[in-house]
Amino acid sequence: MTSTINASPTIGTSHWYLAPPGARSGIGAPADTAAPVALVAPKRFHPLRGYSTSVELVTRQGDLLLRDAARAAGRPGGGVLHYRVAGGPGPVVVVFDPAHIKTIMTADESIAPSATRQSPLAPIVGSESVLTSVGDRHRQQRALLLPRFHGKAVARYQDSIDRATDAGLAAWPVGKPVALAEVAQRITLDVIMSAIFGLPDPHDTTAAERDMRTAILRFLRLSTTPIATVSQLANARRTEPIGLLKLVMTAVDRTVYRVLAQRRTDGDADTRDDIMSLLLTARDTDGKPLSDTEIRDELIILLLAGHETTANAVAWTFERLTRAPGVYRLARRAARHDDEDYLEALINESMRSRPVVPIVARELKAPFDLGDTRVGPDVVALISILLLHHRDDLYPQPFAFEPTRFLGVRINPYELMPFGGGIRRCLGAPLAMAELRTVVGAILRRVELRTTSAPPEKPLHRNVTMIPGRGGIVVADSIT
Ligand code: HEM
């Protein structure tokens, strides 16, 4: 049997985000499928190794996975990585082949449900939200919310997106280093607050709503600190928060319940068009309204998932563009000429090279044959969007930032999946895309950014997201 083992790492650095544009990832070499299943049975694990893997997955996920995937490439069973995550889900497999991903994502939910109940978000958003529930409960929650997030509904939010973008650009200081994630976060938080609470202007919010906004921002700021990583590990697999996380979440919850009580007292949910009113008036199949806890869980997930992800996608876009002056020039020209195809390709390339959610997870309740590897039952499959997006066979020179690779191409949903897939695909994807088109387009047209030869920003893993370590620092030379 000839070996196709990829012995030497092709990135040439142990930090994947510093890989030169011309490098290959080494992932995507065809596997030798002639090996019997018995030869590729999951490895035995040293118990202590599980803890270091947990820490590595939280702190340097890209380095760990890209290294291991490149080493395994071409070996029998090398298309699936095996780990044991102590303090987390136990045995896990990491999957990054489009065919394997499709098999899992399209399997019946009874054998491959979402594993978000085990995600670091579970103790934060609670067990009743559309993200953390499964089965009938999830279907009902999704059906309730979907009409507010599909393409046509999103068009109604365009005014608030435009207004928030103008306000965000007006407050941006010229000539000073700025963390773009913070500028964009103000914009996306205004947009989601307006969608949830139906407020035409964020300045019209009540004191209770303003307090909630402040509490959420404080929570997000705290979650970038090193202590938050420790807290994340301490809360792994919990559905109720403990320690520092509990303290912070109690403060956030207090403000959310105050807003809820105020809206119940106002009693105007029937006449309002916002998501909070939708939740207040919703009835289950027995005609029962949602409890305060159920509404709280839903509001928290929509607020959190609904703005931070999008803000960091904006930040990554310009972190990449300011380090690629030629592409930046083309992107500015395209924006000034309303070249929507190029803008779309740019956004896709940004989310390909720096997916803000680098992993989604499914519980495999039955055995699955993934190529020549049999996995499960009772294994968590981590679908690595980051690895998928860096396969040499799908994306030649995967470390280069090259929007034109998406021009005139019909995208395969199992090859580019920044929003996940299947029945759990991101509910807010159309809203996120509308925001990205507007905000990225406006920055390209109206802001002249300084390009830089600074090294790429280190990706920071925060909860389920991968964000630019310094927030996407940029300097505006002028803003019109
Ligand atoms: C660039 C921005 C965003 C990215 C990259 C993103 C990514 C994702 C991903 C990867 C998932 C998991 C999908 C899966 O398991 O297959 C998800 C789920 C979800 N996202 Fe987003 N998201 C973004 C913006 C938004 C926005 C604006 C909202 C608006 C409220 C939102 C709400 C949700 C919700 C509710 C879910 C859970 C869906 C379910 O389990 O049925 N997201 N998102």
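Author: P173 sits in the loop between helix α7 (158-170) and strand β3 (177-179); helices (H or I, at least four residues) and strands (E, at least two) are DSSP runs numbered from the N terminus. The model is predicted, so local features need pLDDT of at least 70 and side-chain atom pairs pLDDT 80 or more, while totals for chains, interfaces and linings use all residues. Numbering starts from 1 along each chain as its sequence is written, and side-chain values use heavy atoms, without hydrogens or water.

P173 is partly exposed because its relative accessibility is 33%, between the limits for buried (under 20%) and exposed (over 50%), with a 1.4 Å probe and protein chains only. Its C-alpha is 9.2 Å from that of S478, although 305 residues separate P173 and S478 in sequence.

Now to the ligand. Its shell holds 24 residues, the closest being H138, R142, R362, R424 and C426; a residue belongs if one of its heavy atoms lies within 4 Å. Helices α5, α13 and α14 (308-321) and strand β4 (359-364) each give at least two shell residues, and α14 has the largest share, with 3.

Some polar contacts (N or O pairs within 3.5 Å) can be listed. A polar side-chain atom of R424 lies 2.9 Å from a ligand oxygen. A backbone N or O atom of A305 is 3.4 Å from a ligand nitrogen, and a polar backbone atom of V130 is 3.5 Å from a ligand oxygen.

Methods
A polar contact is a pair of N or O atoms within 3.5 Å; within protein, one must be able to donate a hydrogen and the other to accept it, and residues adjacent in sequence count only if both atoms are side-chain atoms.
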